Amino acid sequence: PTPRYRRVGAGPPTGAPAIDGEVPMSEIRGTVEAGYEPVREAFERNFVENGDIGAGFCLYVDGAKVVDLTGGVRDTDGTAYDDTTLQLVFSSTKGVTATCAHLLAQRGELDLDAPVADYWPEFSTAGKADIPVRWLLSHQAGLVDDDRAMTGEEALDWTTICDALADSPPLWEPGTGYGYHAVTYGWLVGEVVRRVAGVDFGEFVRREISEPLGLDLWVGLPDDEQHRVSPLINSGMPGLPTPEPAGDADSRTDAPSLVGMLDMLLGEGNLLGRALTAPGGAFTDDQVWNEARVRSAQIPAANGVTNAASLARMYAALVSEVDGVRLLDADTLERAITPQVSGPSTVPLLDIPFALGFMTHSPLSPLLDGRSFGHYGAGGSLGFADPDRRVAGAYVMNAAQLAIAGDARTLGLLAAVDQVVN
């Protein structure tokens with residue numbers, strides 16, 4: 001049927017699916033167990049008030065699914081955003097990558113206190129011989145970028161990137177500070193996993209996480225799944241107008257990119273801009289994340305493709321048994337979520353407390369308080385869990401707002417979860 005349309009919130013975000021300037025009316029699909037209705041209400045409000053176009057949210061309690069919702073549209077032709085839809089989730093992928101490392105540690109195959117070079121000998125150059133694996137997981141290695149420019153093609157080749165990172169000197173003395181390794185984290189941790197496990201990182205994810213739990217979750221999306229992906233839509237910040245390029249049609253230039261804005265704010269070559277576009281500036285154009293070739297590559301910090309139901313189920317299996325599967329035992333999980341770093345970061349504007357690969361609750365990374373942990377993805381996605389309340393959930397969306405660690409959409413959903421889960 002032809003979708004109905006109405007204007008919502010502050011109007012259609014830039015690039016949103018539209019007919020005659022109208023944003024598609026959201027249709028909410030899925031199930032909610034009795035007592036969890038406030039979560040559905042928060043999900044619905046995101047479409048009316050907070051700029052959502054297509055999204056999913058899923059919640060588990062004690063290993064059982066209690067909320068599983070999708071809504072809105074997948075793309076410009078009005079295709080429903082439903083339980084068959086897949087979404088690239090940016091840094092929410094990091095929680096998956098951290099889980100892989102902790103699975104190996106749990107089995108005694110990986111010592112997080114051992115030097116990275118014990119598993120990856122080439123890494124020992126340029127003052128990095130003594131960096132322990134835990135500093136990769138907690139963003140203390142000083143390798144938010146490599147030391148040379150990279151093309152987009154080079155950035156999609158695993159061996160090229162890992163060789164470059166192995167050759168690069170740290171940008172600060174390792175262990176003396178931390179800074180968000182926005183993209184390089186994935187190859188740093190992922191190469192250690194690959195060396196220890198003896199298989200490609202994406203294959204390890206499939207074999208050890210996705211297949212045992214029955215997940216739609218990939219790092220390196222197969223060609224025959226590409227048609228299910230909802231393109232990311234750059235929505236900026238709801239309620240704020242998108243600036244028009246200055247000048248006439250022949251002379252005007254495009255509005256500043258994110259990197260351009262960061263250069264204006266923090267100075268050219270700032271570490272935040274370098275971290276977000278690493279390696280070597282290869283990802284300066286954020287439109288590349290909608291390309292099938294990028295989704296097909298293995299970028300374990302940033303290009304996981306999944307849905308809310310699958311990401312929530314993975315987090316549920318970290319804190320509970322899910323249909324007979326528990327990924328991490330209690331002792332391994334406790335070590336994984338113990339905070340390692342906090343306070344001022346060497347990467348500006350990202351003072352987020354990190355455990356071993358996971359974000360922990362803070363004003364800049366709001367979760368469920370207490371010992372809750374998880375990981376946000378740029379644009380708004382989130383996977384999270386609370387081991388004390390044995391609750392886990394995930395939110396994914398195609399309307400990417402200007403946020404590194406959450407926005408009004410996730411704040412509303414988390415508040416609703418906090419309300420209904422004791």
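Predicted model: local features only at pLDDT ≥ 70, side-chain atom pairs only at ≥ 80, totals over all residues.

Guide: In helix α14, the residues R409, T410, L413, L414, A416, V417 and V420 are buried, where buried means under 20% relative accessible area, exposed means over 50%, and partly exposed lies in between, with a 1.4 Å probe and protein chains only. These residues cover an arc of only 160 degrees around the axis, the arc being that of the directions from the helix axis to the C-beta atoms, and therefore they lie on the same side of α14. What covers the buried residues of α14 includes α1 (37-49), β2 (54-61), β9 (373-376), β10 (382-386), β11 (391-397) and β12 (399-401), with contact meaning heavy atoms within 4.5 Å. Helices (H or I, at least four residues) and strands (E, at least two) are DSSP runs, numbered from the N terminus.

Residues are numbered from 1 along each chain as its sequence is written, and side-chain values use heavy atoms, with hydrogens and water left out.

Turning to the rings, those of Phe, Tyr and Trp (its six-membered ring) pair if their centres lie within 6.5 Å, and planes under 30 degrees apart count as stacked, over 60 as edge-to-face and the rest as tilted. By this rule there are nine aromatic pairs. One of them is edge-to-face, formed by F90 and W289, at 5.3 Å centre to centre and with 75 degrees between the planes. This pair links distant parts of the chain, 199 residues apart, since F90 is in the loop between β4 (87-88) and α2 (93-106) and W289 is in the loop between α10 (271-277) and α11 (292-296). Both F90 and W289 are buried.

The rings of W158 and F201 have centres 6.4 Å apart and planes at 15 degrees, so this pair is stacked. Because W158 lies in helix α6 (residues 158-167) and F201 in helix α8 (residues 201-213), the pair ties together parts that are 43 residues apart in sequence.
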